[in-house]
Amino acid sequence: MSKDVSVVIPNYNCLKYLPRAISSALKQKGVRIEIIVIDDGSTDDSLIWLKRTERMYNQIRIISQANKGVIAARNTAIKKANSDYIAFLDADDYWPVDKLAEQLSFMKSRPACGLSFTNYQHVDVGYQDIIDCFSYWPEFLQHIDPHDSGYQLLPSAVNRILETNVIGTSSVMVKKQHIERAGGFDPTLRSAEDWDCWLRIALHSEVAFSNKIAMSYLMRPDSITANRQHRIDAMRDIIERIGHHESVNDTSYQIALTRLMESQGEMYRLQNQFYTALLHSSHAFYRAPQMRRFKALLSDAKNLLKSSVMQQSCVK
């Protein structure tokens, strides 16, 4: 019997979190699924646990490969998927039981829709709520119909996605033919490959979203991007690659550049380079005033002043 959705789970040393993720996929109601787990050369006994679980559930298929990174893992799974629709789930995230059925129902009703996503909740290591994604992005909130509790089409999707990297990978469902047409995830990128992929899908298909929180995203201290410069470099490449496409308007392109400045300010702030951080945060705020940018600007100014006072004290 063919499956409705192929669930793609890349894994690298996530044994601690895998049971919750896979359990949330197995509990999906009203939809027939296959679960493709790509173990990317784990060294924490993940593969032992996965093989044992595979023997217990016929929906699960384990593919083991040498460590090549998450991009290669997802691309491998896309090729192996037997369903017309693919849902992505990271090994440390999880879903409510009705997530896939509602998403699949909408996408089947809109054949031109190649990608859909949902709002999601950030949770801490104790699985306590922090903040939902959409609330963090005032730029995106203005495009939501508050009276629509279901899925709605995202107007001018490629522009909206370029402006705000609001799509959580584990909230996404794609039509296999659309992600294949887009070329999958770009292995030349060292970061932000998911954002790049969604943008390329949005160039040739409809995109839909739901304001409903249908995924929990675990904020692990050890999952913070180790090299922020890689991410910023990737963002710059993606913005330049997509930003000059005929479907992208200049306003959205400029908004994306402003967000890049904001990200650079965050990197310098973490490196205690407060003067450089202040230059970027003030420029970002000037280009697009927002409360979070104003708070960042004030923080950088305060840190710079404090640093200057401490240096003067040391001189004395």
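## Aromatic pairs, a helix contact and selected residues

Asparagine 13 is placed in the loop between strand 1 (5-11) and helix 1 (18-26); helices (H or I, at least four residues) and strands (E, at least two) are DSSP runs, numbered from the N terminus. The model is predicted, so local features need pLDDT of at least 70 and side-chain atom pairs count only at pLDDT 80 or more, while totals for chains, interfaces and linings use all residues. Residues are numbered from 1 along each chain as its sequence is written, and side-chain values use heavy atoms, with hydrogens and water left out.

**Asparagines with positive phi**

The phi angle of asparagine 13 is near 60 degrees, a positive value in a residue other than glycine. Asparagine 13 counts as partly exposed at 26% relative accessibility; buried means under 20% relative accessible area, exposed over 50%, and partly exposed in between (1.4 Å probe, protein chains only). For asparagine 272, phi is likewise near 60 degrees, a positive value in a residue other than glycine. Asparagine 272 lies in the loop between helix 11 and helix 12 (274-287) and is exposed, at 55% relative accessibility.

**Aromatic pairs**

The structure contains 14 aromatic pairs. Rings of Phe, Tyr and Trp (its six-membered ring) pair if their centres lie within 6.5 Å; planes under 30 degrees apart count as stacked, over 60 as edge-to-face and the rest as tilted. Two of these pairs are listed below.

| Pair | Centre to centre | Angle between planes | Class |
|---|---|---|---|
| Tyrosine 136 and tryptophan 137 | 5.5 Å | 85 degrees | edge-to-face |
| Phenylalanine 140 and phenylalanine 209 | 5.2 Å | 65 degrees | edge-to-face |

Phenylalanine 140 belongs to helix 6 (residues 138-141) and phenylalanine 209 to strand 9 (residues 206-218), so their pair ties together parts that are 69 residues apart in sequence. Phenylalanine 140 is buried, with a relative accessible area of 1%, and phenylalanine 209 is buried at 0% relative accessibility. One aromatic cluster is formed by Phe117, Phe134, Phe140 and Phe209. In the other listed pair, tyrosine 136 is partly exposed, with a relative accessible area of 36%, whereas tryptophan 137 is buried at 10% relative accessibility.

**Charges over rings**

The charged end of arginine 292 sits over the ring of tyrosine 136, 4.8 Å from its centre. A charge sits over a ring if NZ of Lys or CZ of Arg is within 6 Å of the ring centre and within 35 degrees of the ring normal. The charged end of arginine 259 sits over the ring of tryptophan 195, 4.9 Å from its centre.

**Helix 10 and helix 11**

The axes of helix 10 (residues 228-243) and helix 11 (residues 250-270) come within 10 Å and cross at roughly 175 degrees. Helix 10 is therefore roughly antiparallel to helix 11. Axes are lines fitted to C-alpha atoms, for helices over the stretch in contact, and angles run from 0 to 180 degrees between N-to-C directions; angles under 35 degrees count as roughly parallel, over 145 as roughly antiparallel, 65 to 115 as roughly perpendicular and the rest as oblique.
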